[in-house]
Amino acid sequence: MTQSVCILGVTGSIGQSTLKILNQHPDKYSVFAISAHSRISELVDICKQFQPKVVVVPKQKNDELAALFVENELQNIEILTDQEGLVSIASHPDVDVVMAAIVGAAGLLPTLAAVKAGKRVLLANKEALVMSGEIMMQAARDHQALLLPVDSEHNAIFQSLPHNYLDAERNGQPQQGVSRILLTASGGPFLNHSLEQLEKVTPAQACKHPNWSMGQKISVDSATLMNKGLELIEACHLFSISEHFVTVVVHPQSIIHSMVQYVDGSTLAQMGNPDMCTPIAHALAWPERLQTSVPALDLFEYSQLNFQAPDIQKFPALDLARQAMRAGGLAPTILNAANEVAVAAFLKEQIGFTNIPQVVEHTLQKLENSVADNIESILNKDEVARHVAQQYISSIGG
């Protein structure tokens, strides 16, 4: 019996890798619903190949897509729009698995809807968990949803933890002999740059990651190390562990994807070539394993693996994220909103690369923190933080 899959963000790098895995295993998986934001011609090509039942696009893209469906004789595919459409397909009763791969805060509500519908949710949207934290994790427990990490680092941690670790008591303390999580970071394209060099970085340079093929936003986050900060917050929520039990380790080769240390002195690491098909396949089939086209790691090819501590003087975004997690409440929401606005401004060349963490720090200092006790308060604070961040960008000459 095949499992029915919904892919939120199908034209992005995670969505494309997911389709690659599904195409290799048509006897196990079928595509029920997909969403895309702007790449409509790519979406049509995907529809021709995978024949989903439902597609979701922004309302302003509806007419364009409908016309292309007529042109390509795809009128049997239903078109839904905007946030309502995303929530509908994520929680649809005919869907078994949801790949949550929409970038940024836009992925929060559909991901939460999938969790509340009790789906197997493959979490590639770290911002949803950064913003909603314990609300998302409590909903997963209340509705018996299976929330599995797709980020290569969190998937590696999951593979290195005891089999039933996610069922352990959620009190912020390491459980079952675990002593510490080692979250690896490539260091991004500017690992060895000076502060003076960082001030002159261009968007094109920031979007060229040395190891991974990713979208623009996550590439910039990786370059500032904010991506690792968001992953730190995500790890704390996923594995119910306080931030001081998570150590970030810069590992430029991206071969060890993360590690878990135990009280007996053991350190378990998950290793592999840097290809997102591996964690996607793992989360899709867990607790089984799927064959992929990713080549096995050739240890003889790597004569040396390097590790170093992150430089938070050059990359303060990582420390800002740790501070936000320590503060709790709505601080991670403020952090994420300000970062999304700052990255968008950098990509439009309205601010410099080193201004990104400055925008985030300003917004965190400007706004009062409070308890994140419901989704409405999270979304309201997200909106206010974006406004404050945009005002600050305008004030520094954006």
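UniProt positions are given here in the numbering of this model, and such annotations may be inferred rather than shown by experiment. The model itself is predicted.

**View 1. Strand β1 and its cover.** Strand β1 spans residues 3-8. It is mostly covered, with 5 of its 6 residues buried.

**View 2. β1 beside β2.** Strand β2 takes in residues 29-35 and pairs with β1 in the parallel sense. The pairing runs over 6 bridges. Ser-4 stands opposite Ser-30 of β2. Between β1 and β2 the chain passes through helix α1, residues 13-24. This β-α-β crossover is right-handed.

**View 3. β1 beside β5.** Strand β5, residues 97-100, also runs parallel to β1. Here 4 bridges join the two strands. Leu-8 has Ala-100 of β5 as its bridge partner.

**View 4. The annotated binding site.** The unreviewed UniProt entry places the feature "binding site" at Thr-11, Gly-12, Ser-13, Ile-14, Asn-125, Glu-127 and Gly-215. Gly-12 sits in the loop between β1 and α1. Its relative accessible area is 25%, so Gly-12 is partly exposed. Ile-14, also on the UniProt list, is found in helix α1.

View 5. Is Ile-14 buried or exposed? Ile-14 counts as buried because its relative accessibility is 16%, and the cut-off for buried is under 20%. Which residues does Ile-14 touch, leaving aside those up to four places away in sequence? The contacts are Met-99, Ala-101, Ala-124, Met-276 and Ile-280.

Terms used:
Residues are numbered from 1 along each chain as its sequence is written. This is a predicted model: local features need pLDDT of at least 70, side-chain atom pairs count only at pLDDT 80 or more; totals for chains, interfaces and linings use all residues. Side-chain values use heavy atoms; hydrogens and water are left out. Buried means under 20% relative accessible area, exposed over 50%, partly exposed in between (1.4 Å probe, protein chains only). Two strands pair if DSSP finds at least two bridges between them. A crossover is right-handed if, with the strands pointing away from the viewer, the path from the first strand over the helix to the second runs clockwise. Contact means heavy atoms within 4.5 Å.
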